[in-house]
Amino acid sequence: MDACVFCRIVEGKEPAQVVYQDEEVFAFKDIHPRAPVHILIIPKRHIASAKDLSQEDATLMGRLLLAANRVAEQLGLQGYRELIQVGREGGQTVFHLHLHLLGGPVPVW
Ligand code: 5GP
Ligand code: ZN
């Protein structure tokens, strides 16, 4: 999906600092980090938002969480925050589902 910046990153058409990828998941550094470590973990397949998930995506969401664990371990994080913003009112600005992984340490909530 060429209109989507995260799809373009997955396809290598847009630069990004990639930290992890497998068959279904892609992870890269956020361009405007809100914490010393700020990684975005996304499905390679375009899903606009968490509210668009279907029953068939249950395993995929598990894979996103497992990828987050791997990235956190890879980066030596002891504790971290995982965040998904859903819809404009939830703070979502990029409409390709993504899990924020924040650490090192995280800002006070
Ligand atoms: P949201 O506000 O949708 O939950 O998060 C979108 C995130 O994507 C923001 O933290 C923003 O800094 C990041 N972002 C937006 N465009 C790009 C980009 O082109 N490259 C990277 N690496 N991050 C981006
Ligand atoms: Zn996309």
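## Zinc site

Donors are N, O and S atoms within 2.8 Å of the metal. In this predicted model, the zinc ion (ligand 2) is coordinated at 2.0 to 2.3 Å by Cys 4 (SG), Cys 7 (SG), His 46 (ND1) and His 96 (ND1). The site is tetrahedral, with angles of 107 to 117 degrees among the four donor atoms. For comparison, the ideal angle for four tetrahedral donors is 109.5 degrees.

Along the sequence, the donor residues of the zinc ion (ligand 2) follow the spacing C-x2-C-x38-H-x49-H. Cys 4 and Cys 7 are both buried.

## Sheet and helix

Five strands form an open sheet in the order β1-β2-β3-β5-β4, with antiparallel pairing. β1 and β4 (80–83) stand at the edges and have a single partner strand each, so one side of each lacks a neighbour in the sheet. On average, neighbouring strands are turned by 20 degrees against each other, direction ignored.

Within the sheet, β3 and β5 run antiparallel and are joined by five bridges. The bridge partner of Ile 39 in β5 is Leu 101. The helix α2 lies across β1, β2, β3, β4 and β5, and runs at about 150 degrees to β3.

In soluble globular proteins, nonpolar side chains tend to be buried together. The largest nonpolar core here has 19 residues, and those with the most contacts inside it are Tyr 20, Ala 27, Ile 39, Ile 41 and Val 71. Two or more residues each come from β1 (18–21), β2 (25–29), β3 (37–43), α2 (58–74) and β5 (99–103). The largest share, seven residues, is supplied by α2.

Ile 39 illustrates the packing: not counting residues up to four places away in sequence, Ile 39 touches Val 19, Ala 27, Phe 28, Lys 29, Asp 30, Val 71, Leu 75, Leu 99, His 100 and Leu 101. A second, separate core has eight residues, including Cys 4, Phe 6, Ile 9 and Phe 28.

Val 25 belongs to strand β2. Val 25 counts as buried because its relative accessibility is 0%, and the limit for that class is under 20%. Leaving aside neighbours within four places in sequence, Val 25 is in contact with Tyr 20, Ile 41, Ile 42, Lys 44, Arg 63, Leu 64 and Ala 67.

Val 25 and Glu 89 are separated by 64 residues in sequence and by 26 Å in space, C-alpha to C-alpha.

Conventions
Residues are numbered from 1 along each chain as its sequence is written. Chains are lettered from A and ligands numbered from 1 in the order in which they are written. This is a predicted model: local features need pLDDT of at least 70, side-chain atom pairs count only at pLDDT 80 or more; totals for chains, interfaces and linings use all residues. Side-chain values use heavy atoms; hydrogens and water are left out. Donors are N, O and S atoms within 2.8 Å of the metal (3.2 Å for Na, K and Ca); water is not among the atoms, so sites may look incomplete. Four donors count as tetrahedral if all angles lie between 85 and 135 degrees; four count as square planar and six as octahedral if opposite donors are over 155 degrees apart and all others between 65 and 115; anything else is irregular. Buried means under 20% relative accessible area, exposed over 50%, partly exposed in between (1.4 Å probe, protein chains only). A nonpolar core is a set of buried Ala, Val, Leu, Ile, Met, Phe, Trp, Tyr and Cys residues joined through side-chain atoms within 4.5 Å. Helices (H or I, at least four residues) and strands (E, at least two) are DSSP runs, numbered from the N terminus. Contact means heavy atoms within 4.5 Å. Two strands pair if DSSP finds at least two bridges between them. Axes are lines fitted to C-alpha atoms, for helices over the stretch in contact, and angles run from 0 to 180 degrees between N-to-C directions.
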